[in-house]
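Look at the sequence and the structure first.

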Amino acid sequence: MGYPSDDTLIDLQSAYDGAGIQAMLDQLDRELIGLRPVKARIREIAALLVVDRARQQVGLETTPPSLHMSFTGRPGTGKTTVAERMSNILHGLGYVRKGHVVTATRDDLVGQYIGHTAPKTREMLKKAMGGVLFIDEAYYLYRPENERDYGAEAIEILLQVMEGNRDDLVVIFAGYKERMDIFYQSNPGLSSRVANHIDFPDYSAAELLAIAQLILAAENYRFSEEASLAFAEYIQRRMQLPFFANARSIRNAIDRARMRQANRLFSRMGSPLTKLDLMTLEAVDITISRVFAGELEGGDPARPLS
């Protein structure tokens, strides 16, 4: 089968549209407030893949682009959501067969005794094949202070599979930027295989309030005008306290506010309620939070309803 001549016109827009890339990027814009640098980088990667696919179609041989990635940033900045959208893009362009995401942590990959790590790691890789393996808090794989730790074995297997199956598996390492930088410095072989480093910035207070509004709308709730002002103040105070987890902390705060609203309405049992009553969070549902006294609710955001 021959390839098109050198002057054959290539329609990149059709390839872009045919893979549904714009729809996926539009969905990302709807799902995630802000994150302009992240979204710009995802568009750049999508453009690279579209052009690479067009080059293949006209017989321009090239080494497949390295698609393994590093997502750095604090909790609640959208890393998992972006990984899911990235997997959809890779699937749409034919770079992975399935387009699913498998999330793993150290406990999923590293065993407790000799001979335990290899089968655990290979099992997770098998599950992720054809899609994306998202390794959260990846720096916990490497514990040089413990001579009997088996994390290095898991990393070695990951390196082998990342190189040998780059046409059907993308690995995304994620975690706090400072710790991830040390992790890569300690593993030159790993660093050389991760070509795409994307930093996820913290949200601003205004962006967090917009995120709260999106969460409420999705659940058929609303803030009263006073509640909106109170929640804006809540955000400012919560951002100054430890263990702040961006959008995750905001969602947890809304869950608590919903609980308070339910108890407030329940205390009015016997009095008729309107649909608007059931939908509306009032200022008192926000200001009763211990955050207004400078205290945390629930401690670490990894716990439910932090």
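The model is a predicted one. The cut-off for the word buried is a relative accessible area under 20%. Phenylalanine 244 sits in the loop that runs between helix H11 (225-238) and H12. Residues up to four places away in sequence are not counted in what follows: phenylalanine 244 touches Arg74, Leu208, Arg238, Met239 and Ser249. Isoleucine 198 lies 46 residues from phenylalanine 244 in sequence, and the distance in space between the two is 21 Å, C-alpha to C-alpha.

The second residue is serine 87, which has its place in helix H4. Its relative accessibility is 0%, and therefore serine 87 is buried as well.

Which residues is serine 87 in contact with, leaving aside its neighbours within four places in sequence? They are Val96, Gly99, His100, Val101 and Val132.

The table sets the two residues side by side.

| Residue | Location | Relative accessible area |
|---|---|---|
| Serine 87 | helix H4 | 0% |

## A pair of helices

Two packed helices are described by the angle between their axes and the distance between the axes. For H2 and helix H3 (residues 36-57), the angle is about 170 degrees and the axes are 11 Å apart. Angles over 145 degrees count as roughly antiparallel, and H2 and H3 are therefore roughly antiparallel to each other.

On the H2 side, the residues that meet H3 are Ile21, Leu25, Leu28 and Asp29. On the H3 side, they are Lys39, Ile42, Arg43 and Ala46. Sorted by type, the residues of this contact are five nonpolar and three charged, with no polar ones.

## The largest pocket

How much space lies in the largest pocket? The volume is about 840 Å³. The lining has 35 residues, and Pro75, Gly76, Thr77, Gly78 and Arg248 are the closest to the centre of the pocket.

Several elements each supply at least two residues of the lining: helix H2 (21-31), helix H4 (79-92), strand S3 (132-136), helix H10 (205-218) and helix H12 (247-266). H10 gives the most, with four residues. By type, the lining is made up of 17 nonpolar, eight polar and 10 charged residues.

Key. Residues numbered from 1 in each chain as written. Predicted model: local features only at pLDDT ≥ 70, side-chain atom pairs only at ≥ 80, totals over all residues. Heavy atoms only, no water. 1 Å grid on protein atoms, 1.4 Å probe; cavity = no way out; pocket = protein on both sides within 12 Å on 5 of 7 lines; lining within 4 Å. Points joined across faces, edges and corners; volume = space filled by probe spheres on them. Nonpolar A, V, L, I, M, F, W, Y, C, P; charged D, E, K, R; others polar. Axes fitted to C-alpha atoms, helices over the stretch in contact; angles between N-to-C directions. Parallel < 35°, antiparallel > 145°, perpendicular 65-115°, else oblique. Contact = heavy atoms within 4.5 Å. Buried < 20%, exposed > 50% of the residue type's maximum accessible area, 1.4 Å probe, protein only.
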